[in-house]
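Work through the following exercises with the sequence and the model open side by side. Each task is followed by a solution in steps.

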Amino acid sequence: MGSLYTHSDLDGIVSGALMLNLMESEWHRRYDEVRITDYWDIDEPDNICYWKKNSINRENLSRNDTVLDLPQPGRRILFWADHHEDNEHPNGSAKYKLYDPKAPSCAGLIFRHYAGLYPKLQELYGDLVEITDRVDSANYRSIDEYDDLSIPGIRLDLSLDGTKKRLRRLGVKEVERKTEIKRSYLPSLVRGIGRTCDWKGLTEHPDVVDRARWVKNQQIAYEEAAKKLRVRHGPVIIERIDQRKKRLPGMFSKYSAFRQFPDTEVMVGFYLRRSYSRHIKYSISIVAKKNTFIENHNTVNLGQFMKDNTANGGGHSGIGVASFDVVQESDAVEAERVFSLLLGRLEK
Ligand SMILES: [Mn+2]
């Protein structure tokens, strides 16, 4: 039968594993292949091709295909499940469809739909889905939980971005490392978790452990470098990082600002990055994030702020994001304007 397409994050992997398990053990059908995709691999969904030309996922989706934790394709497929807002496609049609923008994770959505019918799901994957719900909705129990390698689900999550050290030693370029992850490591996890009765045991495999450790070390290197660039203004942390000439070492670490200043309410990042397009001088992104690890009294809806004040920004109450392509100087001035407006709102 068709292919299983799923997202490259923990939720995508667990969603894929649940579907693969159900297909094979309950419905006695097998997917021809497992394919991993990110949002940036997707063209405008109206496009016939749907998946970008040069992505590894270029496919014409068929009626037998399943798409999970990703936008609905604008054509008929077998199964679509997702929980991201605004991801329904007006021309989309799926024989089986699970869609709930309020669900904390796509895996949780699939799990809760089928666990009543197939009780063994609870026994096999109950714990894994519980942690996936929390990871995908950033609902960690503490700031240290998100990179605690002793928790199997977290170890699995961290490993997803981790390339094999061997590849790094060989000097393989970043893009090729990412391809390796998407082509072999992530699909093998979907199959491994979907078919084994012991997903926790699988997270003790050296391949998983090494990758997770590698990612954590990369994040520590980034944290160390970013520490010196942060400034605190009352309840707000400002993180202004210019990576146009030189990139910070390591790998971006999501919550490190709140580890450095645990009692602050909001982190506002202003990031300048090189652009790979000839028409764009560089790009700026503004990211504002609330500290969810404390009792937070900040009432600004960050996503709404970005929607109201920028052309393409958005998010939700706890996180707001906007990006600016700097073609001429006025674009940078506009980004600065939004940045100071936001700081004014937050410091009040
Ligand atoms: Mn998800």
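Two strands count as paired if DSSP finds at least two bridges between them. The model used here is predicted.

**Exercise 1. Find the strands that pair with β1, and state the sense of each pairing.**

Step 1. Start with strand β2, residues 33-37: β1 pairs with β2 in the parallel sense, over five bridges. Within β2, I36 is the bridge partner of T6.

Step 2. Follow the chain between these two strands.

Step 3. Turn to strand β3, residues 66-68. Three bridges join β3 to β1, and the two run parallel. T6 has L68 as its bridge partner in β3.

**Exercise 2. Decide whether the residues of β1 are buried or exposed.**

Step 1. Apply the cut-off: a residue is buried if 20 or more other C-beta atoms lie within 10 Å of its own.

Step 2. Sort the side chains by direction. S3, Y5 and H7 point one way from β1, while L4 and T6 point the other way; all are buried.

Step 3. Conclude. Five of the five residues of β1 (residues 3-7) are buried, so the strand is largely enclosed by the rest of the structure.

**Exercise 3. Give the strand order of the open sheet that contains β6, and describe what lies across it.**

Step 1. Six strands form this open sheet, in the order β6-β7-β8-β9-β11-β10, with mixed pairing.

Step 2. Locate the edges: β6 (230-233) and β10 each pair on one side only. From one strand to the next, the twist averages 15 degrees.

Step 3. Examine one pair. Strands β7 (residues 236-243) and β8 (residues 266-274) are parallel and share eight bridges; D242 has L272 as its bridge partner in β8.

Step 4. α11 lies across β6, β7, β8, β9 and β11, and runs at about 160 degrees to β11.

**Exercise 4. Identify buried residues of helix α10 and what covers them.**

Step 1. In α10 (residues 302-309), L302, F305 and M306 are buried. These residues cover an arc of only 95 degrees around the axis, which puts them on the same side of α10.

Step 2. The cover over the buried residues of α10 includes β9 (282-290), β10 (314-316), β11 (319-326) and α11 (329-347).

Notes:
Residues are numbered from 1 along each chain as its sequence is written. This is a predicted model: local features need pLDDT of at least 70, side-chain atom pairs count only at pLDDT 80 or more; totals for chains, interfaces and linings use all residues. A residue is buried if 20 or more other C-beta atoms lie within 10 Å of its own, exposed if 12 or fewer, and partly exposed in between; C-beta atoms are placed from the backbone. Helices (H or I, at least four residues) and strands (E, at least two) are DSSP runs, numbered from the N terminus. The arc is that of the directions from the helix axis to the C-beta atoms. Two residues are in contact if their C-beta atoms, placed from the backbone, lie within 7 Å. Axes are lines fitted to C-alpha atoms, for helices over the stretch in contact, and angles run from 0 to 180 degrees between N-to-C directions.
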